[in-house]
Amino acid sequence: MLIGGSPCFTKGPNVLTVDGYKDISEITTEDTVVSHDGSVNKVNMIGNKLSSIIKFRCQGSLPVKTTKNHPYYSGVMGADKKISSVKFREIKDLSKGMYVGMQINSNSEDIYNLSNDELYVIGRYIADGHTRKDYKKSGARYYQLILSVGNSKISDFYNIKLHYSCYSHTKSTYRIVFSNKRLVNIVEKECGSGALNKIISYNLLNLPKDKLSVLLTGYLDGDGCITNGTHKCTTISRKLAESLCLVIAKVYGVGSTIEVCHRPKKCTIEGRTVNQHDTYQVSFILREGVKCRYVNSDGYIWYPIKEINDINKMETVYNIEVNNKHTYTVNNICVHNCQGFSFAGKQLNFSDPRSKLFFEYVEVLRKVKPKYFLLENVKMKQEYQNVISSYLGVQPIEINSSLVSAPYRDWETVS
């Protein structure tokens with residue numbers, strides 16, 4: 001008889017770490033994640049198992065598939081249009097019309113001491129730039145940051161005091177080239193290379209608001225547009241789209257919408273077959289007086305829940321457990337560790353309804369009397385481990401659980 005385990009999210013949702021976004025299925029105990037209050041904490045343990053799932057969707061975040069017991073940082077709107085009763089609630093206790101929180105980055109640190117001109121160029125690089133990666137005959141690299149700029153946008157650089165060259169590239173575009181080793185090193189490390197890999201890194205998200213505003217202006221000048229008062233920007237980089245939502249919240253204090261357009265892997269253009277990627281569109285409104293569905297309150301953008309639906313299927317789900325704060329973000333929304341017994345969890349243990357289920361397991365053991373049984377769990381306080389051992393009549397051993405069951409964790413307590 002096998003019992004225990006409660007991982008929560010399917011492969012796909014992104015967790016924000018100090019090294020950028022990572023798919024929850026790729027998180028390891030080497031990672032440090034951003035918690036619900038903006039602090040950073042090490043991942044203590046990871047796990048996965050097969051479970052029934054539901055679809056969860058809110059404004060401002062891409063939908064996720066998860067289990068019904070994962071806790072989200074949530075609240076309700078009162079008659080005063082303010083968010084109250086804020087706490088972590090399991091999805092089964094949430095409903096459409098309630099709100100979930102995305103923390104607004106309040107850090108103010110510039111580790112590179114960037115000038116406004118550098119910040120603007122970095123923003124333009126994220127929008128429509130690349131770096132030269134070939135080498136001279138001497139073996140030295142060409143350190144060049146190259147922007148592709150339409151004819152109508154050449155004037156955007158007239159007041160930039162950084163040295164650059166400008167030349168015609170096609171009938172409608174120019175190339176603006178910054179031969180600047182410092183800028184090349186920064187953008188390759190903090191912003192990624194290639195349109196599919198562009199991102200605004202955690203270090204850049206931590207910039208003072210006024211400096212981050214200059215970077216955002218550069219990006220929007222390069223890749224943004226305004227339609228009927230709504231700012232829009234489109235990218236094939238999901239991580240860039242999600243990081244843009246955090247930047248917009250910090251700089252302007254407003255919420256965003258993020259939508260994905262799923263496209264065929266290949267398409268035909270003028271008789272040629274070309275590859276294409278899904279696109280992500282981020283939209284936001286700055287006009288005063290516009291009725292918004294989100295709420296900016298107490299350092300969070302609160303987004304309304306749009307959908308909670310059973311999918312009626314089984315998939316592999318993943319969970320991570322985080323030291324200290326015991327929280328992390330999934331697609332920018334704040335969530336809590338999901339384990340009743342976990343030493344890294346809520347510390348509710350035997351007062352937690354999920355842990356009380358243990359006594360149901362004990363009763364099943366007493367009645368069924370199986371020849372073998374396996375109870376898997378994560379590391380916990382010795383006092384709770386002793387209680388479990390006394391009920392089961394055996395002491396635990398530590399093994400790699402994937403040798404004997406579907407779930408995988410760094411280590412398991414097995415009785």
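# Helix packing, a sheet and a hairpin

User: Is the crossing of α1 and α2 left-handed or right-handed?
Analyst: The crossing of α1 and α2 is right-handed. Note that the model is predicted.

User: At what angle do they pack, and how far apart are the axes?
Analyst: Helix α1 and helix α2, which spans residues 181-190, pack at about 50°, and their axes are 11 Å apart.

User: Which residues of α1 and α4 make the contact?
Analyst: From α1 they include Leu119, Tyr120, Ile122, Gly123 and Ala127, and from α4 they include Val214, Leu215, Gly218 and Tyr219. The contact of α1 with α4 divides into 8 nonpolar, 5 polar and 5 charged residues. Ile122 in α1 also belongs to the contact with α2.

User: What does α4 lie across?
Analyst: α4 lies across β15, β16 and β20, and runs at about 80° to β16. Helix α5 (residues 238-252) also packs on the sheet, where it touches β16, β17 and β20, and its direction makes about 10° with that of β20.

User: In what order do the strands of that sheet come?
Analyst: The order is β15-β16-β20-β17, in an open sheet of 4 strands with antiparallel pairing. β15 (224-227) and β17 (257-261) are the edge strands, each pairing on one side only. From one strand to the next, the twist averages 25°.

User: How many bridges are there between β15 and β16?
Analyst: There are 4 bridges, and the two strands pair in the antiparallel sense. Isoleucine 226 stands opposite histidine 231, a residue of β16.

User: New topic. Where is asparagine 331?
Analyst: Asparagine 331 is in the loop between β23 (327-330) and β24 (333-336). These strands form a hairpin with 2 residues between them, and asparagine 331 in the turn has a positive phi of about 50°.

User: Is asparagine 331 buried or exposed?
Analyst: Its relative accessibility is 1%, and the cut-off for buried is under 20%, so asparagine 331 counts as buried. Leaving out residues up to four places away in sequence, asparagine 331 touches Pro13, Asn14, Ser61, Leu62, Pro63, Val64, Arg238 and Glu242.

User: How do β23 and β24 run, and how many bridges join them?
Analyst: They run antiparallel and are joined by 4 bridges. Threonine 329 stands opposite cysteine 334 in β24.

User: What about the two faces of β24?
Analyst: Both are covered: Ile333 and Val335 are buried on one side, and Cys334 and His336 are buried on the other. In a regular strand, side chains alternate between the two faces of the sheet.

User: Last one. How many helices and strands does the chain have?
Analyst: The chain has 7 helices and 28 strands. Of its 415 residues, 51% count as buried. Among contacts with a separation of 6 or more, 65% are between residues 24 or more positions apart.

Methods. Residues are numbered from 1 along each chain as its sequence is written. This is a predicted model: local features need pLDDT of at least 70, side-chain atom pairs count only at pLDDT 80 or more; totals for chains, interfaces and linings use all residues. Side-chain values use heavy atoms; hydrogens and water are left out. Contact means heavy atoms within 4.5 Å. Ala, Val, Leu, Ile, Met, Phe, Trp, Tyr, Cys and Pro count as nonpolar, Asp, Glu, Lys and Arg as charged, and the others, Gly among them, as polar. Axes are lines fitted to C-alpha atoms, for helices over the stretch in contact, and angles run from 0 to 180 degrees between N-to-C directions. A crossing is left-handed if the near helix is turned anticlockwise from the far one by less than a right angle, and right-handed if clockwise. Buried means under 20% relative accessible area, exposed over 50%, partly exposed in between (1.4 Å probe, protein chains only). Two strands pair if DSSP finds at least two bridges between them.
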